[in-house]
Amino acid sequence: PMLLEGKKFIIRCFLLFASTKPLLAFYHDGFCKLCTKDYSLTVDEDRDKLDPIVINTNTAIQKKNPDYQNVKEDAFWTMEKFEKHLIEKNVDGDGEAFYNGIKKQMKQALAHVT
């Protein structure tokens, strides 16, 4: 999977459709949620499964991490922080283009609602 700082993550963006006739929609860049432990395929010996804390960004799951209170601030990134990270790491040669591609795809979804 694509990792962010060695952790699985999700990008949560929002489209709110206030009306379809006439079409009135609002877009919000959203945020990124990261797992609080580095990604690993190591199996939890007690449950014979992958550790859910490394594969699931759900807050209820992440709160089960004994270090959650110390790392919870690192598990939430603004889109501005995400974009800056992509640019600094030169993702796909152009982090800004990658980030803008995500925004473009979300906005193109509006065209399919009419």
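Predicted model: local features only at pLDDT ≥ 70, side-chain atom pairs only at ≥ 80, totals over all residues.
Figure 1. The protein exposes about 7,800 Å². Take the contacts with a separation of 6 or more: residues 24 or more positions apart account for 50% of them.

Figure 2. The protein has five helices and six strands. Read along the sequence, the pattern is β-β-β-β-β-α-α-α-β-α-α.

**Figure 3. An open sheet of four strands.** The strands lie in the order β1-β2-β3-β6. Their pairing is antiparallel. In general, strands of a sheet pair through backbone hydrogen bonds, either parallel or antiparallel. Which strands stand at the edges? They are β1 (residues 3-4) and β6 (residues 76-78). Each has a single partner strand, so one side of each is left without a neighbour in the sheet.

**Figure 4. Helix α4 on the sheet.** Helix α4 spans residues 79-89 and packs on the sheet. This helix touches β1, β2, β3 (residues 23-34) and β6. The direction of α4 makes about 80 degrees with that of β6.

**Figure 5. The pairing of β1 with β2.** Strand β2 covers residues 7-20. Strands β1 and β2 pair in the antiparallel sense over two bridges. Look for Leu-3 here: its bridge partner in β2 is Lys-8.

Figure 6. Leu-24 is found in strand β3. Is Leu-24 buried or partly exposed? Its relative accessible area is 41%. Buried means under 20% and exposed means over 50%, so Leu-24 counts as partly exposed.

**Figure 7. Thr-57, a buried loop residue.** Thr-57 lies in the loop between α1 (residues 52-55) and α2 (residues 59-62). Why does Thr-57 count as buried? Its relative accessible area is 12%, and the cut-off for buried is under 20%. Now set aside the neighbours of Thr-57 within four places in sequence. Which residues does Thr-57 then contact? They are Lys-8, Phe-9, Ile-10, Lys-33, Leu-34, Cys-35 and Gln-62.

Methods:
Residues numbered from 1 in each chain as written. Heavy atoms only, no water. Pairing = 2+ DSSP bridges. Contact = heavy atoms within 4.5 Å. Axes fitted to C-alpha atoms, helices over the stretch in contact; angles between N-to-C directions. Areas by Shrake-Rupley, 256 points an atom, 1.4 Å probe, with all protein chains shown as cover. Buried < 20%, exposed > 50% of the residue type's maximum accessible area, 1.4 Å probe, protein only.
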